[in-house]
Amino acid sequence: MPPAVLTRHQLTLNGHRTTYRIAGDGPALLLLHGVTTSSQTWEGVAASLSEHFTLIAPDLMGHGESAAPRGDYSLGAHASSARDLLTALGHQRATVVGHSLGGGIAMQFAYQFPERCERLVLVSSGGLGRDVHLILRAAALPGADYVLPVLTDSRVVGLGRGLGGVLRRIGLAPSGDIDVLARGFSSLDNGASRQAFLHTIRSVIDPGGQRVSAGDRLALAARMPTLIVWGEQDSIIPLTHGEAAHAAMPGSRLERFPGAGHMPHDADPQRFARVLLDFCNETDAATLPADHWRPLL
């Protein structure tokens, strides 16, 4: 296995341990991962992107090696933490790239801090429609607090009877996107991480689907260069969400990845890096004031 491109660092941010990974030199790219994953999800594209950008990839609170305190796991709280990390590292502005949950955080970042956001890149993003995979909706159900420790117990997972085993029994074999979910659930190996996961999920999903939507504010992004990337075979959040967002966001770009599921940056990292680099080279960074939205509201 080749050595990692992203190097691991830690600092204390607002009293909590924050782990982040960095690489490269150039304009800042803030890379925000999805639920139950970590900053390491960007490793596959790091080598190509770090030739052109400074990559800043945090482990979100409650994920990876960052702290999992009792507290606020809303999109706004995650966006504020991302802003604080940029500030602590000496970066005033960045192109913000978000995958899945991270896409919702990226949109919230652009809305709360438009003066800090140069471009917006949404990768199989949450927050653009109601549909989401049954497994994530189930995590929002009452009683999930009691079931989750059984499905994620290291001894159970080691015996193949964790989430993957359950999915096999009910006919949802853990391949592709389902395998992504199964691996993510298996990372919830302690009470603090499980509680952080549940707080995060329940802030954006209810048993009926996604409960937070940016749909009524997408038109506000007319002056924010926006790239939308989606796998055509995504079974966790459907491509139709990306297509609808593209139609609602004047001037946005939509890149479909044939054959890819929920992780297009993993499925074809070279194409992903090329698409992102071309987008940044072909668009001017937004320079919006903090009160940019006021006349548009």
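Trainee: Is F109 buried or exposed, and what is its relative accessible area?
Mentor: This is a predicted model, in which local features need pLDDT of at least 70 and side-chain atom pairs count only at pLDDT 80 or more, while totals for chains, interfaces and linings use all residues. Residues are numbered from 1 along each chain as its sequence is written, and side-chain values use heavy atoms, with hydrogens and water left out. Buried means under 20% relative accessible area, exposed over 50% and partly exposed in between, for a 1.4 Å probe and protein chains only. F109 is therefore buried, with a relative accessible area of 0%.

Trainee: How many aromatic pairs does the count come to?
Mentor: Rings of Phe, Tyr and Trp (its six-membered ring) pair if their centres lie within 6.5 Å; planes under 30 degrees apart count as stacked, over 60 as edge-to-face and the rest as tilted. By this rule, the number of aromatic pairs is 2.

Trainee: Which kind of pair do the rings of W42 and F272 make?
Mentor: W42 is buried, at a relative accessible area of 1%, and F272 is buried as well, at 2%. The centres of their rings are 6.5 Å apart and the planes stand at 35°, so the pair is tilted.

Trainee: How many residues apart in sequence are the parts that W42 and F272 tie together?
Mentor: Helices (H or I, at least four residues) and strands (E, at least two) are DSSP runs, numbered from the N terminus. W42 belongs to the loop between β3 (28-32) and α1 (43-49), whereas F272 belongs to helix α12 (residues 269-282). The distance in sequence between the parts tied together by this pair is therefore 230 residues.

Trainee: And which kind of pair do F109 and F113 make?
Mentor: Like F109, whose relative accessible area is 0%, F113 is buried, its own value being 9%. Their ring centres are 5.5 Å apart and their planes make 70°, so the pair is edge-to-face.

Trainee: Which strands are the edge strands of the sheet?
Mentor: Two strands pair if DSSP finds at least two bridges between them. An open sheet of mixed pairing is formed by 8 strands, in the order β1-β2-β4-β3-β5-β6-β9-β10. The strands that pair on one side only are β1 (7-13) and β10 (253-257).

Trainee: Which residue in β10 is the bridge partner of L227?
Mentor: Strand β9 (residues 226-231) pairs with β10 in the parallel sense, over 5 bridges. Within β10, the bridge partner of L227 is R253.

Trainee: What angle does the direction of α12 make with that of β10?
Mentor: Contact means heavy atoms within 4.5 Å, and axes are lines fitted to C-alpha atoms, for helices over the stretch in contact, with angles that run from 0 to 180 degrees between N-to-C directions. Helix α12 packs on the sheet and touches β3, β5, β6 (117-123), β9 and β10. With the direction of β10, that of α12 makes about 170°.

Trainee: How are α2 and α3 placed relative to each other?
Mentor: In this packing, residues of α2 including L75, H78 and L86 meet residues of α3, among them L101, I105 and F109. The axes of α2 and helix α3 (residues 101-112) are 8 Å apart, at an angle of about 70°. Angles under 35 degrees count as roughly parallel, over 145 as roughly antiparallel, 65 to 115 as roughly perpendicular and the rest as oblique. The placement of α2 and α3 is therefore roughly perpendicular.
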